[in-house]
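Okay, thanks for coming, everyone. I'd like to walk you through one model today, so let me put it up on the screen.

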Amino acid sequence: MSDDPYAALGVPKTASADDIKRAYKRIARDSHPDLNPGDPKAEARFKAASGAYDLLKDQAKRARFDKGEIDASGQERPDRRYYRDYAEGPGTAYTTSRGYEDIDLSGVFDDLFGARGGRAGDGFSMRGQDLQFTLEIDFLDAIFGAQKRIVLPGGGPLDVTIPRGIADGQTLRLRGKGAPGTGNGAPGDAMIAITVNPHPVFRRIGDDIEIDLPITLDEAVLGAKVAAPTIDGAVNLTVPKGASSGQVLRLKARGVKRGEVRGDQRVTLRIVSPPVIDAELSTFFETWRETHAYDPRKGMMP
């Protein structure tokens, strides 16, 4: 199972329950093993999406996962405690995310460091605080990687390398780029939460890219070679003769590349009628219907 159920479904963490359901149905329709016999990648994609949907459709489990209390398989995470918002000096009040506030820990530090432990000047050292940031990046910057710059609270710049293939919701840790430590303590880290902006054409499903491609009536009936956008630029795509709206074509190795592995691109055909139905086209189809009528909905009704 994927460590990130949102990435497995190709949705952001802010996705609604309906968005999550639609994403799962789309993957199930395209990648179900019964529809892709002998395709291990499709089977793995379907299993990852199924596990992710089982977790995220349950609002209570989703909330616990978002809080870090359980992992993507629904198992409890090891108990972790983080101390934040500390200041120098004895008698410091610490605040944690677990509800223990204003606890005087000076006696604990006396035990750990001796009577001299309360003052930075007397040799007391503590690691610096981690700093939390959110960074919005463009869709293609997440696909190909990029260099970005953020401004620290003190006004200084911090250059961030966006690795190729990063997914929405992932967090980068920049070691030593957080708040300075106390005394001889090491600085904390900078934690950069990545938000990927949607693209008007491309959608990401795991390491695959998905698009909807409009085609004309004649291209669907007669077949054609048409230009299809990919993240690398336009390519020629063969539309088979007699294509249907909703039919999915696969472009191998046109998806997201991470390491030596690259996903595919799935192209869903959408038949678009002409903007104007003129008399010639109407007459043709009226005549055609009289001699070639068929029912694509046959067998659907109970």
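**Patch, helix pair, salt bridges**

Let's start with Trp288, which sits in helix H8, residues 279-292. Before I go on, this is a predicted model, where local features need pLDDT of at least 70 and side-chain atom pairs count only at pLDDT 80 or more, while totals for chains, interfaces and linings use all residues. Numbering runs from 1 along each chain as its sequence is written, and side-chain values use heavy atoms, with hydrogens and water left out. Helices are DSSP runs of H or I, at least four residues, and strands are runs of E, at least two, numbered from the N terminus.

Back to Trp288: its relative accessible area is 31%, so it counts as partly exposed. For those labels, buried means under 20%, exposed over 50%, and partly exposed in between, with a 1.4 Å probe and protein chains only. Together with Phe284, Phe285 and Tyr294, Trp288 makes a nonpolar surface patch of about 450 Å². A patch takes residues with over 30% relative accessible area and no salt bridge, joining nonpolar side chains (Val, Leu, Ile, Met, Phe, Trp, Tyr) within 5 Å and like charges within 9 Å. The areas are Shrake-Rupley with a 1.4 Å probe, and for residues only the protein chains shown count as cover.

Next, how do H2 and H3 cross? The axes of H2 (residues 17-31) and H3 (residues 40-56) come within 9 Å, at roughly 160 degrees. Axes here are lines fitted to C-alpha atoms over the stretch in contact, with angles from 0 to 180 degrees between N-to-C directions. That makes H2 and H3 roughly antiparallel, a label for angles over 145 degrees.

Now the salt bridges, meaning a side-chain nitrogen of Lys or Arg within 4 Å of a carboxyl oxygen of Asp or Glu. The whole structure has 27 of them. In one, Glu210 pairs with Arg26, closest N and O atoms 2.7 Å apart. Glu210 is in strand S10 (residues 208-215) and Arg26 in helix H2, so this pair links parts of the chain 184 residues apart. And are those two buried or exposed? Both Glu210 and Arg26 are buried.

Arg270 and Asp212 also pair, at 3.6 Å between the closest N and O atoms. Arg270 is partly exposed at 34%, and Asp212 is partly exposed too, at 35%.

Finally, both pairs belong to a salt-bridge network whose members include Arg26, Glu210, Asp212 and Arg270.

Methods:
Angles under 35 degrees count as roughly parallel, over 145 as roughly antiparallel, 65 to 115 as roughly perpendicular and the rest as oblique.
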